[in-house]
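Thanks for coming. Please have the sequence and the model open.

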Amino acid sequence: MKMFDVYPRYDIDPVRGLGSWIWDQEGQKYLDFYGGHAVISIGHSHPHYIDRVQYQLRQLGFYSNSVQMPIQDELSQKLGEMSGYTDYELFLCNSGAEAIENALKVASFHTKRSKTIVFENAFHGRTSLAVTATDTTKLIAPINQNDRFIRVKLNDLEAVAQCLDASVAAVLIEGIQGVGGIQVPDDAFLKELKLLCKQNGSLLIVDEIQSGYGRTGKFFAHQYAQVEPDLITIAKGMGNGFPIGGVLIHPDIKAWSGMLGTTFGGNHLACAAGLAVLEVIESEELINHVNFMGDLLWKALGSLENLVQIRGRGLMIGLDLTGDSKPFRHSLLEEQHVFVGSAAQSNTVRLLPPLGVSQEELVVFLEAFKKVGYA
Ligand SMILES: Cc1ncc(COP(=O)(O)O)c(C=O)c1O
């Protein structure tokens, strides 16, 4: 049997990772400024992560949600403390798209409404509802098509206000748009959005799947705007590669038995991985580190010529080149052995390094960047 061929892949076969680096079969070393698509938060093969997951696997890898699971309470407690959302409740699942599906479902159950306002350029995943919330028509199969999403321009409050009516359960917005090319919602826009939602009896869902877990220099990107969403979706950096996702749910929203569910969500091993990530973010003060490294990187990038624009926050950065970024990204990888990400716009490069990236690694990155010819 062959693999169903849906991924355009680089001709590289990584076999080992450590911190910000991965190695291929031949022993060639690569600097990872893509983090496996914003997934690697605490770095590849972090020793505490390995110990925590290994220990849990030896104890008990999995049991279903039909039993008491104190490790889930431990995870939700720690996440509440570190994110500042101590009074919210946590639902655990396995991926970003699943977190989005569940957040939309909770909003719909709670408001008894069925429509959601979403934004141009948004990416929320590929499952049935998440894919129609996503702004890429070609990903939507006929079976996914529905009229439950209303799409407006990012930062256009007037457009949101015009669409908000008694049918709207929620407004769904990324903390910072990732796949859409690192587009940052204005702080004032987010604040007003929250007010408009409240006035209309709609919920605000912030998708922090890519922008959360310290990547932007705060635990969640929306915390720059000092708004409190009703629902927050998380995944990617939450497990540093272990499949885990979740939804933080405002205490006004009440759970009922059977409202949501999943077989694998919140299993022992996933919780151990999730706890290891939080413990490392805390013990290595990674959010302070992101602010420090982010400042250095932004300053250095600001002095490069031929960059049309730099967007983002902390270590979630979008760079617009003057032309197509594809040949640039390929040269960076093949000649300089540096991974970066692409985005919906062909001229954008996305930088999503592990949060513990060092100053020396920034220098390696910048030298490689210059050698390829964009400075
Ligand atoms: C903002 C955002 N939401 C949702 C998703 C979907 O996550 P997953 O691929 O884990 O389903 C992604 C994935 O890139 C994302 O960036």
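In which loop does S211 lie? It is the loop between β8, residues 203–207, and β9, residues 231–234. Before I go on, note that this is a predicted model, and what I quote is computed from it.

So, S211. Is it buried or exposed? S211 is buried, because 29 other C-beta atoms lie within 10 Å, and the cut-off for buried is 20 or more. Leaving out residues up to four places away in sequence, S211 touches E174, G175, I176, G178, T216, A221 and M316. There is also a pair to look at on your screens: S211 and G237 are 26 residues apart along the chain, and their C-alpha atoms are separated by 9.0 Å.

Y213 counts as buried, since it has 29 C-beta neighbours inside 10 Å. Its backbone deserves a look: phi of Y213 is near 60 degrees, a positive value in a residue other than glycine. As background, most residues other than glycine have a negative phi.

Which other residue has a positive phi although it is not a glycine? That is K112, with a phi of about 60 degrees. K112 lies in the loop between α4 and β5, the latter being residues 115–119. The surroundings of K112 are another matter: K112 counts as exposed, because it has 8 C-beta neighbours inside 10 Å, where 12 or fewer is the cut-off.

Now to the ligand. How many residues surround it? There are 14, and the closest are G96, A97, G125, I209 and Q210. Helix α4, residues 96–111, gives the largest share of this shell, with three residues. Sorted by class, the shell has six nonpolar, six polar and two charged residues.

G245 and I209 are 36 residues apart in sequence, and 8.2 Å apart in space from C-alpha to C-alpha. G245 itself is found in strand β10, residues 245–249. It counts as buried, because it has 29 C-beta neighbours inside 10 Å. Setting aside neighbours within four places in sequence, the contacts of G245 are C93, N94, S95, G96, E98, A99, I234, A235 and M238. G96, in that list, is also among the residues closest to the ligand.

Next, the interior. In soluble globular proteins, nonpolar side chains tend to be buried together. Here the largest nonpolar core has 100 residues, and V171, I205 and L231 touch the most other members. Which helix gives this core its largest share? Helix α8, residues 268–283, does, with 11 residues. The core draws at least three residues from each of domain 1 and domain 2. Take L231 as an example: apart from residues up to four places away in sequence, it touches A103, V106, A107, L203, I205, V247, L248, I249 and H250. I205, in that list, is another of the core residues with the most contacts to other members.

The assignment gives domain 1 as 14–46 plus 285–374, and domain 2 as 49–283. Taken over C-alpha atoms, the centres of the two domains are 25 Å apart. How many residues of each domain are in contact with the other? The answer is 27 residues of domain 1 and 28 residues of domain 2. On the domain 1 side, the elements giving two or more residues are α1 (35–38), α9 (286–302), β11 (307–313), β12 (316–321) and β14 (348–351). Among these, α9 provides the largest share of that side, five residues. By class, the domain 1 side has 13 nonpolar, 11 polar and three charged residues.

Last, the overall numbers. The protein has 11 helices and 14 strands. Its C-alpha atoms fill a box of roughly 55 × 55 × 45 Å along the principal axes. For 375 residues, a compact globule would have a radius of gyration near 21 Å; the protein has 20 Å, which agrees. Of the 375 residues, 47% count as buried. Among contacts with a separation of 6 or more, 74% are between residues 24 or more positions apart.

That is the tour. I will take questions now.

Key: Residues numbered from 1 in each chain as written. Predicted model: local features only at pLDDT ≥ 70, side-chain atom pairs only at ≥ 80, totals over all residues. Near = placed C-beta within 6 Å. Helix = DSSP H or I, 4+ residues; strand = E, 2+ residues; numbered from the N terminus. Nonpolar A, V, L, I, M, F, W, Y, C, P; charged D, E, K, R; others polar. Core = buried A, V, L, I, M, F, W, Y, C linked by C-beta atoms within 7 Å. Domains from an automatic or database assignment. Contact = placed C-beta atoms within 7 Å. Rg over C-alpha atoms; globule rule 2.2 N^0.38 Å.
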